[in-house]
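Trainee: I have a model open and some questions about it. Can we go through them one at a time?

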Amino acid sequence: MDIRKEVFDKNNLQIRNYMEDCVIDLLGPVLENLSSCQCENCALDIMAIALNGLPTKYVVTKRGELYTKLSSLQNQSDVDIIAAIAKASVIVSRNPRHDR
């Protein structure tokens with residue numbers, strides 16, 4: 001049985017890592033405050049490193065439908081996400097994949 005075909009296509013559902021959306025939302029403002037490089041390579045590297053250090057929070061939602069933010073987790077998650085982005089920014093700044 002192909003679970004994707006049977007469940008996701010039938011119910012038009014998708015599984016998402018909620019933390020990915022949270023990191024995307026906070027990435028720009030945090031990088032601006034840190035005066036970090038915001039080129040696509042650095043931003044994606046920072047995002048990947050930050051996400052690897054954060055717990056995953058998967059949600060299931062209908063494809064194309066906005067889901068409600070998990071407000072009870074949001075405040076602490078924001079602090080954790082900002083810290084993860086800042087830490088990742090330092091790592092990427094020391095080892096950028098482009099000329100300085």
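Mentor: Start with Thr61, which sits in strand 2. Keep in mind that this is a predicted model.

Trainee: Is Thr61 buried or exposed?

Mentor: Buried means under 20% relative accessible area. Thr61 has 4%, so the residue counts as buried.

Trainee: How far apart in space are Thr61 and Ile15, C-alpha to C-alpha?

Mentor: In sequence, 46 residues separate Thr61 and Ile15. In space, their C-alpha atoms are 6.5 Å apart.

Trainee: Is Tyr58 buried or exposed?

Mentor: Tyr58 also belongs to a strand, namely strand 2, residues 58–62. The cut-off for exposed is over 50%. Tyr58 has 54% relative accessibility, so this residue is exposed.

Trainee: Which residues make the nonpolar surface patch?

Mentor: The patch covers about 330 Å². Tyr58, exposed at 54%, contributes to it. The members are Ile15, Tyr58 and Val60.

**Cysteines**

Trainee: How many disulfides are there?

Mentor: A disulfide needs two cysteine sulfur atoms within 2.5 Å. By that rule the count is 0.

Trainee: Which cysteine sulfur is nearest to that of Cys37?

Mentor: Cys37 is in no disulfide. Its relative accessible area is 32%, so Cys37 is partly exposed. The nearest cysteine sulfur is 3.6 Å away, in Cys39.

Trainee: What is the phi of Ser35?

Mentor: Ser35 is in the loop between helix 2 (18–34) and helix 3 (40–53). Most residues other than glycine have a negative phi. Ser35 is not glycine, yet its phi is positive, near 55°.

Trainee: Is Ser35 buried or exposed?

Mentor: Exposed takes over 50% relative accessible area. Ser35 has 68%, so the residue is exposed.

**Confidence**

Trainee: What is the mean pLDDT of the chain?

Mentor: Of the residues in the chain, 75% reach 70 or more. The mean pLDDT is 81.

Trainee: Which element of the chain has the lowest mean pLDDT?

Mentor: Helix 3 has the highest mean, 96. At the other end is a mean of 59, in residues 3–11. Where pLDDT is low, the predicted coordinates should not be read in detail. The element with the lowest mean is helix 1.

How values were computed
Residues are numbered from 1 along each chain as its sequence is written. This is a predicted model: local features need pLDDT of at least 70, side-chain atom pairs count only at pLDDT 80 or more; totals for chains, interfaces and linings use all residues. Side-chain values use heavy atoms; hydrogens and water are left out. Helices (H or I, at least four residues) and strands (E, at least two) are DSSP runs, numbered from the N terminus. Buried means under 20% relative accessible area, exposed over 50%, partly exposed in between (1.4 Å probe, protein chains only). Patches are made of residues with over 30% relative accessible area and no salt bridge: like charges are joined within 9 Å, nonpolar side chains (Val, Leu, Ile, Met, Phe, Trp, Tyr) within 5 Å. Accessible areas come from the Shrake-Rupley method with a 1.4 Å probe; for residues, only the protein chains shown count as cover. A salt bridge is a side-chain nitrogen of Lys or Arg within 4 Å of a carboxyl oxygen of Asp or Glu. pLDDT is the predictor's confidence in each residue, from 0 to 100.
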